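Keep the 3D view open as you read.

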Amino acid sequence: MKSTEIKPGIYWVGYIDWDVRDFHGYQTSRGSTYNAYLIVDEKIALIDAVKGGYAYDLIDKISEHIDPAKIDYVVSNHTEPDHSGELQRILDIAKNAKVVATQKGKDGLEKYYEGNWDYEVVKTGDSISLGKNTMEFIATPMLHWPDSMFTYIPEQKLLFSMDAFGQHFASSGRFDDQVDICELLAEAKIYYANIIMHLGSTVARTLKAAEKLEIDMIAPSHGVIWRSMIADIISAYQDWAVCKPTNKALVLYDSMWHSTEMMAVSIAEGLGNGGVPAKLLNVSINDVTHLATEVLDCAAVIVGSPTLNNGMLPTVASFMTYIQGLQPKGKLGFAFGSHGWAGGAVPKVRTMLEDTGVEIVHENITCKYKPDAEELKVCYEAGQILAEKIKTNICLP
Ligand code: FEO
């Protein structure tokens, strides 16, 4: 696939990875792209340098427009190797190029690549003139690494936003108006939930700082470029930054002999009949990428596990570990599960929910061997009580 001109003299020169299905545990069912951008002006700049293994494609695309040896600046907006993996190969060709990065970016690149590169360290407020275009730099530490920064071209109202606003979404279209909007927004949400959810306050702060920028194009490091739906994606980020709850509860569980499953069903029925749609999700058959995305905008996370060897099932522990790292905000919940002769799973699930930041709104619910009618009634009523709290929380009648 050829390069694409996204603004006069500015080109997308990235790589479309149709085949990638796993991104350190994140399931990328629609592939991804590693975006790089070339600015051809009196001076020439390359923004980021794709994942390792794809330099041949990047160099081909750059060569459509200029001799890669003439690159003056290689901007590293983000050190993670899916964007810096081919920096050395580019610098082997562009021998006079300066590497532009934040101090943390320089530190990270030196550790990863040990290259004797010529750096220009930048911070918020710094800029470099290329001629008709100016690169202005905005450090965005912990969005999502300490090194991260945006590069903004005021003359073009163009923001290179690295991972922010990205999507793992391979497509032949390069812009938001050239792809299926539902698929695009779904992928943007999955990306936010799995990569950025735990950084909500940083996102909110960055969105606030970006308000003063005139933007008519956002070019992220993954997926398509936003030009028609900028207000939509910014509005979505504002909601996601606070994990804004919708009228939805998740009952997440695994079961050994259907006892915990029976409890889960009764809790979900109580929620549903109380006016809150509940999703019953068995963590052993749903991948964590999907589950984390459901958590992002739910109102409550109720987690159940039977006891195995005094602890929770490994499938539940795996989910809880993943979600604990993502630290969803403002969720209600509680723990439940069955056991044989001795319990152990449910208190541990509760502790992990608390460590995740979930507000516990019901005492643990347990039962021995198999729930009887009275125990299922307790589960059902817990669902109803939780439904009332959720409706109050999100201001439903
Ligand atoms: Fe796409 Fe954080 O790298």
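A residue counts as buried when its relative accessible area is under 20%. Met-162 has a relative accessible area of 1%, so Met-162 is buried. The model is a predicted one.

Start with the whole. The protein has 397 residues, and 57% of them count as buried. Its secondary structure comprises 12 helices and 25 strands. The C-alpha trace spans about 80 × 45 × 35 Å along the principal axes.

Return to Met-162 for the backbone. Most residues other than glycine have a negative phi, and most peptide bonds are trans. Met-162 has a positive phi of about 40°, though it is not a glycine. Its place is in strand β15, which covers residues 158-162. Phe-165 also has a positive phi, near 70°. Phe-165 sits in the loop between β15 and α5 (181-196). With 5% relative accessibility, Phe-165 counts as buried.

The bond from Leu-143 to His-144 is cis, with omega near 5°. His-144 belongs to the loop between β13 (134-139) and β14 (149-153).

Rolling a probe the size of a water molecule over the atoms shows where empty space is left. What lines the largest cavity? His-144 is part of the lining, together with Phe-23, Glu-80, Asp-82, Asp-163, His-168, Tyr-191, Ile-195 and His-222. By class, these lining residues divide into 3 nonpolar, 3 polar and 3 charged. The cavity holds about 30 Å³ of space. The structure has 1 cavity of 30 Å³ or more.

The largest pocket has a volume of about 330 Å³. It is lined by 16 residues, and Met-256, Thr-307, His-339, Gly-340 and Trp-341 are the closest to its centre. Three elements each supply at least two lining residues: α8 (259-273), β20 (307-308) and β23 (335-339). What classes make up this lining? There are 7 nonpolar and 9 polar residues, and no charged ones.

The second largest pocket holds about 230 Å³ of space. Its lining has 14 residues. Ala-186, Ile-190, Thr-289, His-290 and Thr-293 lie nearest the centre of this pocket. Helices α5 and α9 (288-296) each give at least two residues to the lining. By class, the lining has 2 nonpolar, 6 polar and 6 charged residues. Which domains contribute to this pocket? The lining draws at least three residues from each of domain 1 (4-241) and domain 2 (249-389).

Finish with the aromatic rings. A pair of aromatic rings is described by the distance of the centres and the angle of the planes. How many aromatic pairs does a search of the whole structure find? The search finds 11. In one of them, Tyr-113 and Trp-117, the ring centres are 5.8 Å apart and the planes meet at 25°. Planes under 30 degrees apart count as stacked, so this pair is stacked. Tyr-113 is partly exposed, with a relative accessible area of 21%. Trp-117 counts as buried, at 11% relative accessibility.

Tyr-237 and Trp-240 form another aromatic pair. Their centres lie 5.7 Å apart, with 50° between the planes, and the pair is tilted.

Arg-174 lies over the face of Trp-12, at 4.4 Å from the ring centre. Arg-227 lies over the face of Phe-175, at 3.7 Å from the ring centre.

Definitions and conventions: Residues numbered from 1 in each chain as written. Predicted model: local features only at pLDDT ≥ 70, side-chain atom pairs only at ≥ 80, totals over all residues. Heavy atoms only, no water. Phe/Tyr/Trp six-rings, centres within 6.5 Å; stacked < 30°, edge-to-face > 60°. Buried < 20%, exposed > 50% of the residue type's maximum accessible area, 1.4 Å probe, protein only. Lys NZ or Arg CZ within 6 Å of the ring centre and 35° of its normal. 1 Å grid on protein atoms, 1.4 Å probe; cavity = no way out; pocket = protein on both sides within 12 Å on 5 of 7 lines; lining within 4 Å. Points joined across faces, edges and corners; volume = space filled by probe spheres on them. Nonpolar A, V, L, I, M, F, W, Y, C, P; charged D, E, K, R; others polar. Helix = DSSP H or I, 4+ residues; strand = E, 2+ residues; numbered from the N terminus. Domains from an automatic or database assignment.
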